[in-house]
Each structure stands twice: as C-alpha cells, then as structure tokens.
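Trainee: I have a new model open and would like to go through it. Can we start with single residues and work up to the overall layout?

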Amino acid sequence: MYKILAAETAVKYTIYAVLIGIIAFSGCSSKQVTRIDTDTTIDLSGRWNDTDSRMVADQMIDECLNHPWINNHGMSTGGKPTVIVGGIRNKSMEHIPVATFITDIERAFINTGKVRPVSSSGERSEIREERADQGEFASLETVKRMGQELGADYMMTGEINTIEDRVEGKQVVFYQTDLTLTNIETNEKVWIGQKEIKKFIGRGKFKP
C-alpha cells in the first residue's frame, strides 16, 4: 500500500515538474515586437511588399513625367495636365494589394507638383454626396457648388504580372508592372512604362 502511494506521489511530482518546465519555456520564448523605420527594406517571404509598391510607383511616375508628353501638353494648353489613376489589375499568381499601389502612384504624382491628380470614381461618389448634403444643410457662405469638378485630361491604367520558377526549395519570382497613360479625349496612348523586379528565394546564397 505504501509503495503504491509513493509511486502515485512520484508521478504527481513528475507531472508538476513537466508543467512548470513548459510554462517556463513558454515565458522564455514569448513573442517580441520591435518597431523599425517604415522605409526599412525587409524581405521575409520574398513576395511583393510595401517596398516594392513604393519603389515601383516612384520610379515609374518619375519616368512618366520626364517624357515629352507633359511638355507637349503644357505648350498646347498652357497649364498642368489633370490626371486620374484608373484600374490597376493584379494578374499575378499571388495576392497584391492594388489599392495600396494606386495610392502610392497618386502620392508620387502629387509629390512632383507637375500634374493635378483628381479623385477616382469611387471617391467622387462620396464627395458628391457630401456636396449634396451641404446644399441642403450648410450655410450659403460655405456651401460648395455642383458642376465645378475638374475633368481629367489623362487616365493611368495598368497591370502587374508574375512569372515563377521553383525547384528543390529554391524559387525565382519575376514581377513585371506595366502602366499606360491615355488621353481621355482622343484615346491616344501618350506614355507606356514598364518596371521589372526579380527575386531569388532560397536557403543559401544565390550564385549566378
């Protein structure tokens, strides 16, 4: 009888020791979060990320606005062109947040000061509702009038494609972004740009 009780007690102490060890280990391996600069480039998965979105937008808009079309527009109208960013299609094999990419394009346009970007169709609907609401409830001194919107001269559209090559745990991902700027009145394509990104994803260092 005493031997049985001693054995049960030993088992209980062993279980307690294991549980304490698990708790202690869990405490030591707890998640840590470190804040970093938002401009820091970090590739964890090798997929399209915020750095790719911002870099492609900045470089392509810089190329677009250093093309003859903008000078031709200035000479013919005497003013800055008005631009709207239309649809950017994700035709790649992975999820790419195109809304973020569109915002990066609009930001790049605005930061140059060379064009006048206008709101997209979805944004305009919300603004028009606000203007209609002002017409009913705002004072005459502050109400914003209908029919004063700035019509766009050009629309930018585009798509993002990927090509993947994978073997034995190693992978190469090729991203190609194509953007087109079109004259809305004449349907003339005044600029076509292309930006490519190639990433190697693997455990070891890549040796070409």
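Trainee: Is Asn-187 buried or exposed?

Mentor: Asn-187 is exposed, because its relative accessible area is 62%, and the cut-off for exposed is over 50%. Keep in mind that this is a predicted model.

Trainee: Where is Asn-187 in the chain?

Mentor: Asn-187 sits in the loop between E4 and strand E5, which covers 189–201.

Trainee: What about the phi of Asn-187?

Mentor: Phi is near 65 degrees there, which is a positive value in a residue other than glycine.

Trainee: Which residues does Thr-182 touch, leaving out its close neighbours in sequence?

Mentor: Not counting residues up to four places away in sequence, Thr-182 touches Asp-153, Tyr-154, Met-155, Asn-187, Glu-188 and Lys-189.

Trainee: Is Thr-182 buried or exposed?

Mentor: Thr-182 counts as buried, because its relative accessibility is 15% and buried means under 20%.

Trainee: Switching to helices. Which element holds Ile-102?

Mentor: Ile-102 belongs to helix H4. With a relative accessibility of 18%, Ile-102 counts as buried.

Trainee: What does Ile-102 touch, again without residues up to four places away?

Mentor: Ile-102 touches Val-85, Gly-86 and Ile-88. For Val-85, the C-alpha atom is separated from that of Ile-102 by 7.0 Å, and the two residues are 17 residues apart along the chain.

Trainee: How do H2 and H4 pack?

Mentor: Two packed helices are described by the angle between their axes and the distance between the axes. Helix H2 (residues 50–64) and helix H4 (residues 98–112) pack at an angle of about 40 degrees, and their axes are 9 Å apart. The two helices are therefore oblique to each other. The crossing of H2 past H4 is right-handed.

Trainee: Which residues make that contact?

Mentor: On the H2 side they are Ser-53, Arg-54, Val-56, Ala-57, Asp-58 and Ile-61. On the H4 side they are Thr-100, Phe-101, Asp-104, Ile-105, Arg-107, Ala-108 and Phe-109.

Trainee: How many of those are nonpolar, polar or charged?

Mentor: The contact of H2 with H4 has seven nonpolar, two polar and four charged residues.

Trainee: One more helix. Where is Gly-135, and is it buried or exposed?

Mentor: Gly-135 lies in helix H5, residues 121–137. At 57% relative accessibility, Gly-135 counts as exposed. From Gly-135 to Arg-145 is 7.7 Å, C-alpha to C-alpha, and they are 10 residues apart in sequence.

Trainee: Now the whole thing. How many helices and strands are there?

Mentor: The protein has five helices and five strands. In sequence order the pattern is α-α-α-β-α-β-α-β-β-β.

Trainee: How much of the protein is buried?

Mentor: Buried residues make up 28% of the 208 residues. The accessible surface comes to about 14800 Å², and 55% of that belongs to carbon and sulfur atoms.

Trainee: And what share of contacts join residues at least 24 apart in sequence?

Mentor: That share is 66%, taken among contacts between residues at least 6 apart in sequence.

Terms used:
Residues are numbered from 1 along each chain as its sequence is written. This is a predicted model: local features need pLDDT of at least 70, side-chain atom pairs count only at pLDDT 80 or more; totals for chains, interfaces and linings use all residues. Side-chain values use heavy atoms; hydrogens and water are left out. Axes are lines fitted to C-alpha atoms, for helices over the stretch in contact, and angles run from 0 to 180 degrees between N-to-C directions. Helices (H or I, at least four residues) and strands (E, at least two) are DSSP runs, numbered from the N terminus. Angles under 35 degrees count as roughly parallel, over 145 as roughly antiparallel, 65 to 115 as roughly perpendicular and the rest as oblique. A crossing is left-handed if the near helix is turned anticlockwise from the far one by less than a right angle, and right-handed if clockwise. Contact means heavy atoms within 4.5 Å. Ala, Val, Leu, Ile, Met, Phe, Trp, Tyr, Cys and Pro count as nonpolar, Asp, Glu, Lys and Arg as charged, and the others, Gly among them, as polar. Buried means under 20% relative accessible area, exposed over 50%, partly exposed in between (1.4 Å probe, protein chains only). Accessible areas come from the Shrake-Rupley method with a 1.4 Å probe; for residues, only the protein chains shown count as cover.
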